[in-house]
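I am opening a notebook on a structure that is new to me, and I want to set down what I look up as I go. The entries follow the order in which I turned to each topic.

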Amino acid sequence: MDAPESDSSGLPIPIPTDLPAYADVVVPRHLHRPFTYRIPDHLRGRLEVGAQVHVPFGASVLNGVIVAMCERPPDVPMPGAGVSRRLREIIARLDETSEARLDPDLLTLARLISESYLTPLGQCLRLILPPSPRHRSAPRYVLADAGEKRDKKVDGLSATAREVLRRLAESPAGLTAPSLRRTIAGRVAGALVTLKRRRLVRQVDSDRPAPAVDPRRPSTRRQASLSDAPETRQPRDLPGAGVSVTIGGSSECPTQSTGWPPWWDRLRNALDQVRHEAFLLHAPAATRLPCVIQAAGETLAHDRSVLIVAPTIDRASTIAASARARWGERVHLLHSGLPSAARAKIWQRIRTGSACVVLGTRSAVFAPVSSMGLLCVEDEHDPALKEEQEPRYHARDVAWMRAGRHQAVLLLGSAYPSLETVSAISSPSLPLPPLPSELQAESSAGVSRPAAPTIRMVDLRHVPSGVLLSQPLVTGIASALEARTGQLEVILFLNRKGFAPALSCRDCGESPRCPQCSVTLTFYRRVGRLTCPYCGGSSPLPETCPSCLAAGLQPVGVGTERLEEEVRRLFPRARVGRLDRDTARTPAQAEAVRRQASSGELEILIGTQMLLGAARLPRVPFVGIPYADAGLHLPDFRSAERTFQTLQDVIALAQPGHAGGTAVLQTYLPTHHVMSAIAAQHAAIFYDEEMAVRRTLGFPPFGHLISLRVSGANPDRVRAAAERWAERLHVAARQSSPQPDGPRIDQAQGPAADARDEVTILGPIQASLAQLRGRHRWQLLVRSTSAVRGRQTVRATLEDLDRSQGRGGLKFEVDVDPLEMG
């Protein structure tokens with residue numbers, strides 16, 4: 001420890017009595033409170049809020065962040081009382097340079113994220129810390145040369161250890177422990193220790209950045225930094241939503257030829273007055289881009305910075321290319337795909353103000369941009385903007401927070417806006433446009449745009465059972481192929497891989513299921529195997545039913561492999577390709593298939609959601625969707641919204657109707673409001689009906705949800721823990737209720753009329769995916785008409801959960817405003 005500072009005579013310099021002597025420090029652990037440490041004399045006056053420090057924590061030493069300072073410890077009237085003598089001292093400060101201190105505005109934002117998403121502050125601080133230029137490499141494991149005694153060494157190994165050996169044999173380059181854990185159930189860490197001890201595997205250095213460590217799992221390292229974890233792939237009470245305007249489907253951009261549309265004047269006034277205001281650009285990506293670039297230029301003219309967030313690296317790179325064409329080196333791109341040193345360098349440039357336009361993916365919303373004037377979120381409806389790991393923030397809503405704090409303009413762009421954004425931004429006097437502008441023939445500014453294709457719905461209830469492709473769909477494919485233009489003619493969309501989603505026994509009706517996940521195994525006919533779509537576990541095709549031993553297993557349902565087989569049977573001379581995760585496991589392979597399609601090497605392309613990537617395919621004469629309503633049957637209240645957005649994207653791959661473009665959709669639900677809106681190409685049909693359904697059920701945007709999940713290896717312990725959590729939630733809801741007897745509900749006006757603080761606890765029940773990778777899962781749902789009340793109710797139970805977190809292998813997860821309900 002450093003000695004106290006002294007003067008020229010060698011005597012210690014007296015410490016001013018008014019300097020803070022205690023600091024609250026947040027550490028990178030799943031704990032919902034800070035810890036108070038005593039500041040040693042040699043550090044008094046050299047620390048401030050936001051400083052990063054080394055602190056003792058149990059038997060370890062951790063890196064923490066100071067979040068508060070005081071002259072005396074909590075609940076102690078005078079320094080030197082009993083509690084203060086038991087407090088441990090801060091060991092050292094990490095770095096005294098100005099770059100090491102956290103930005104106060106970002107520190108406040110981290111607090112807001114912690115409060116809004118019910119996440120420990122230590123996890124949220126990781127979002128705002130500068131990237132480390134040197135990440136510790138995650139070790140890889142490879143098979144070792146065990147020599148002649150290999151068979152003897154393998155004897156007595158557990159099933160998990162044997163599976164690790166099998167996976168490593170399939171991957172000569174080696175695998176990291178996290179990648180093994182994602183596909184193998186059981187104690188992978190223990191298996192690796194055993195295999196290393198028997199010299200069956202060896203550990204090698206990896207060039208890949210270290211993956212994020214689960215913050216809930218205790219660390220075995222002596223030191224841990226808040227910034228060790230790299231980027232991983234909503235609060236609905238949005239501030240400032242009442243002073244916004246929706247830009248309709250025409251989405252006019254200001255140009256010298258078209259003049260200034262009304263929304264542009266309002267945006268310029270917001271910049272002039274340094275006023276927060278939100279805008280919705282309801283238009284396709286290609287139409288929005290000039291508007292975004294023009295708005296960025298206007299912001300820079302006001303000497304303010306621009307931050308643009310996109311859901312994917314490809315989309316961010318596309319916008320960055322346009323921005324660099326105008327502003328050159330003042331534009332910086334920040335995302336997790338960059339090398340660690342490059343990310344750290346760009347982050348530092350942003351902090352020093354040399355970057356005027358910053359673009360990036362989800363985590364870029366936390367970039368240290370100063371003097372922010374414009375914050376743009378592209379494709380705000382995209383689920384990729386929602387973080388899947390803790391803290392489970394939504395970049396769109398964090399952007400709303402930051403724009404409000406900076407008095408900046410918020411620009412949300414989407415071809416199919418989410419219902420939450422429509423509700424937050426749209427004024428009752430501003431109805432939604434009749435359809436997305438990509439499907440309009442012309443904009444009000446007179447700019448020519450591609451029109452919609454001719455759309456035909458086929459009612460599968462009137463198609464013979466077992467027929468995969470109806471006559472209208474077959475006729476459409478044949479007509480398109482007859483043109484023989486030498487280009488891609490047909491796109492068929494089916495968002496299911498494999499030959500069939502399951503095999504079924506004709507005698508007992510049972511289907512082979514994954515032993516680690518509660519799902520049926522997907523049948524792959526070409527390789528003759530069954531594979532789990534979640535954990536990746538694979539097994540040979542059984543000759544008999546595992547349940548009754550009958551020999552009558554038959555495929556149920558359709559996947560892209562089966563669709564390809566049927567298309568090749570019907571059109572044997574056509575050049576057919578397939579784009580899914582089975583045929584394109586890497587981005588390079590996917591790009592190769594897209595190049596084949598764009599160059600005319602393929603006439604028919606069959607694919608899943610990968611057809612809708614950032615690299616757009618050429619528009620074709622015919623688009624077919626064999627099962628358009630497949631996404632509507634998922635146990636999720638957002639299934640209709642996602643299906644509508646996906647079908648619109650697929651239909652946009654067809655040429656306009658006046659050029660002969662046609663889209664055929666096969667469905668069992670032709671009267672569903674999603675199908676009605678698609679058939680009429682009238683988006684308001686979908687939005688009006690879906691809003692009415694959500695309002696009736698009290699789901700977002702008319703209510704607030706918090707998803708709670710308990711998981712573990714022991715099903716009885718998981719269920720008991722979920723039931724105890726439910727009991728605590730009910731107690732917390734009653735204690736915080738302003739009306740002890742329960743809220744009064746006006747039957748005429750619905751629950752939102754007089755039950756503004758109502759909290760409903762639903763469950764516990766088994767999750768829709770009841771078992772995943774060997775862990776059993778139970779779920780609860782907290783629904784409230786007040787976001788604050790809902791969070792208060794859950795927060796009251798979190799301290800008890802901290803004490804039981806990890807005991808008995810249990811894991812507790814909180815997801816505020818979830819996008820996935822499974």
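**Entry 1**

I began with R199, which lies in the loop between α7 (188-197) and β8 (201-204). This is a predicted model, and I read each entry below with that in mind. I looked up the backbone of R199 and found a positive phi of about 60 degrees, although R199 is not a glycine. I noted this because most residues other than glycine have a negative phi. Is R199 buried or exposed? Its relative accessibility is 65%, and since the cut-off for exposed is over 50%, R199 counts as exposed.

A second residue of this kind is Q407, a residue other than glycine whose phi is positive, near 55 degrees. I found Q407 in the loop between α12 and β15 (409-414). With 35% relative accessibility, Q407 counts as partly exposed.

I then turned to the peptide bonds, because most peptide bonds are trans. The bond from E390 to P391 is cis, with omega near 0 degrees, and P391 sits in the loop between β14 (372-377) and α12 (395-406). Another cis peptide bond joins P700 and P701, where omega is about 10 degrees. I traced P701 to the loop between α19 and β27.

Which way do α17 and α19 run against each other? Helix α17 covers residues 639-651 and helix α19 covers residues 683-697, and the two pack at an angle of about 170 degrees with their axes 11 Å apart. Since angles over 145 degrees count as roughly antiparallel, α17 is roughly antiparallel to α19. I listed the residues that make the contact: α17 gives A640, E641 and F644, while α19 gives A683, F686, Y687, E690 and R694. Sorted by kind, the residues of this contact divide into five nonpolar, no polar and three charged.

**Entry 1: aromatic pairs**

How many aromatic pairs does the structure hold? I noted nine aromatic pairs, and I followed up two of them here. F637 and F699 form a tilted pair, with 4.7 Å from centre to centre and 35 degrees between the planes. This pair links distant parts of the chain, for F637 is in the loop between β25 (622-625) and α17, whereas F699 is in the loop between α19 and β27 (704-712), 62 residues apart. F637 counts as buried at 14% relative accessibility, and F699 also counts as buried, at 14%.

The other pair I followed is that of F644 and Y687, whose ring centres are 6.1 Å apart and whose planes stand at 75 degrees, so the pair is edge-to-face. Because F644 lies in helix α17 and Y687 in helix α19, the pair ties together parts that are 43 residues apart in sequence. F644 has 1% relative accessibility and counts as buried, and Y687, at 3%, counts as buried too. I also found F644 and Y687 in a cluster, in which ring pairs link Y416, F644, F686 and Y687.

**Entry 2: two open sheets**

I went on to the strands, remembering that strands of a sheet pair through backbone hydrogen bonds, either parallel or antiparallel.

Note on methods. Residues are numbered from 1 along each chain as its sequence is written. This is a predicted model: local features need pLDDT of at least 70, side-chain atom pairs count only at pLDDT 80 or more; totals for chains, interfaces and linings use all residues. Side-chain values use heavy atoms; hydrogens and water are left out. Axes are lines fitted to C-alpha atoms, for helices over the stretch in contact, and angles run from 0 to 180 degrees between N-to-C directions. Helices (H or I, at least four residues) and strands (E, at least two) are DSSP runs, numbered from the N terminus. Angles under 35 degrees count as roughly parallel, over 145 as roughly antiparallel, 65 to 115 as roughly perpendicular and the rest as oblique. Contact means heavy atoms within 4.5 Å. Ala, Val, Leu, Ile, Met, Phe, Trp, Tyr, Cys and Pro count as nonpolar, Asp, Glu, Lys and Arg as charged, and the others, Gly among them, as polar. Rings of Phe, Tyr and Trp (its six-membered ring) pair if their centres lie within 6.5 Å; planes under 30 degrees apart count as stacked, over 60 as edge-to-face and the rest as tilted. Buried means under 20% relative accessible area, exposed over 50%, partly exposed in between (1.4 Å probe, protein chains only).
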